[in-house]
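Dear colleague,

I am passing a structure on to you with this message.

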Amino acid sequence: MSTQRTGSLAATSWPLLRLGYAESTLQRYDGALRSFVLWAMERGREAFTGEELDALVTEYVHARWSTGVGPTDARHLLSALRLRYVKLELPIAERCVSNWE
């Protein structure tokens with residue numbers, strides 16, 4: 001994806017959004033986002049709307065939950081997505097993560 005496109009996953013799109021976060025926090029967020037993107041790519045899944053992304057993240061959260069891992073990675077993923085897409089709403093995925101915790 002291009003770093004020039006609005007809404008890009010690239011961290012360099014709008015660096016001021018990242019400025020208020022510790023580097024270690026950003027690394028955790030970026031790692032969670034990378035894991036999610038790789039998971040989706042391995043399954044040939046894409047999301048083009050907020051609703052589709054909510055469903056895809058929800059599916060990923062359930063996949064992580066079913067492996068017995070804790071909710072930390074899922075929390076970091078939601079935070080990473082909110083950081084990049086400030087107006088994004090993921091109500092189903094957020095509720096699932098909240099119930100998991």
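The structure holds 7 salt bridges, a salt bridge being a side-chain nitrogen of Lys or Arg within 4 Å of a carboxyl oxygen of Asp or Glu. Please note that this is a predicted model, in which local features need pLDDT of at least 70 and side-chain atom pairs count only at pLDDT 80 or more, while totals for chains, interfaces and linings use all residues. Residues are numbered from 1 along each chain as its sequence is written, and side-chain values use heavy atoms, with hydrogens and water left out.

Overall arrangement

The chain has 4 helices and 0 strands, in the order α-α-α-α along the sequence. Helices (H or I, at least four residues) and strands (E, at least two) are DSSP runs, numbered from the N terminus. Of the 101 residues, 36% count as buried; buried means under 20% relative accessible area, exposed over 50%, and partly exposed in between (1.4 Å probe, protein chains only). The chain's accessible surface is about 6600 Å², and 54% of this belongs to carbon and sulfur atoms. These areas come from the Shrake-Rupley method with a 1.4 Å probe; for residues, only the protein chains shown count as cover. Among contacts with a separation of 6 or more, 60% are between residues 24 or more positions apart, where contact means heavy atoms within 4.5 Å.

Salt bridges

Asp 30 and Arg 84 form a salt bridge in which the closest N and O atoms are 2.5 Å apart. Asp 30 belongs to helix α1 and Arg 84 to helix α3 (residues 72-84), so this pair ties together parts that are 54 residues apart in sequence. Both Asp 30 and Arg 84 are buried.

A further salt bridge is that of Arg 45 with Glu 59, with 2.4 Å between the closest N and O atoms. This pair links distant parts of the chain, since Arg 45 is in the loop between α1 and α2 and Glu 59 is in helix α2, 14 residues apart. Arg 45 is partly exposed, at a relative accessible area of 33%, and Glu 59 is partly exposed at 34%.

Arg 75 and Glu 101 also meet through their side chains in a salt bridge (2.1 Å, N to O). Here Arg 75 lies in helix α3 and Glu 101 in the segment after α4 (91-100), 26 residues apart. Arg 75 has a relative accessible area of 35% and is partly exposed, whereas Glu 101, at 52%, counts as exposed. Salt bridges that share partners also join Arg 18, Asp 30 and Arg 84 into one network.

The side chains of Arg 18 and Asp 30 are joined by a polar contact of 3.0 Å. A polar contact is a pair of N or O atoms within 3.5 Å; within protein, one must be able to donate a hydrogen and the other to accept it, and residues adjacent in sequence count only if both atoms are side-chain atoms.

Aromatic pairs

There are 4 aromatic pairs in the structure. Tyr 21 and Tyr 29 have ring centres 6.0 Å apart and planes at 65°, so this pair is edge-to-face. Rings of Phe, Tyr and Trp (its six-membered ring) pair if their centres lie within 6.5 Å; planes under 30 degrees apart count as stacked, over 60 as edge-to-face and the rest as tilted. Tyr 21 is partly exposed at 36% relative accessibility, whereas Tyr 29 is buried at 12%.

For Trp 39 and Tyr 60, the ring centres are 5.2 Å apart and the planes stand at 70°, so this pair is edge-to-face. The pair links distant parts of the chain, with Trp 39 in helix α1 (residues 23-42) and Tyr 60 in helix α2 (residues 50-66), 21 residues apart. Both Trp 39 and Tyr 60 are buried, and together with Phe 36 they form one aromatic cluster.

A buried leucine

Leu 77 is in helix α3 and, at 0% relative accessibility, counts as buried. Leaving aside residues up to four places away in sequence, Leu 77 touches Ala 32, Leu 33, Phe 36, Val 57 and Tyr 60.

Yours sincerely
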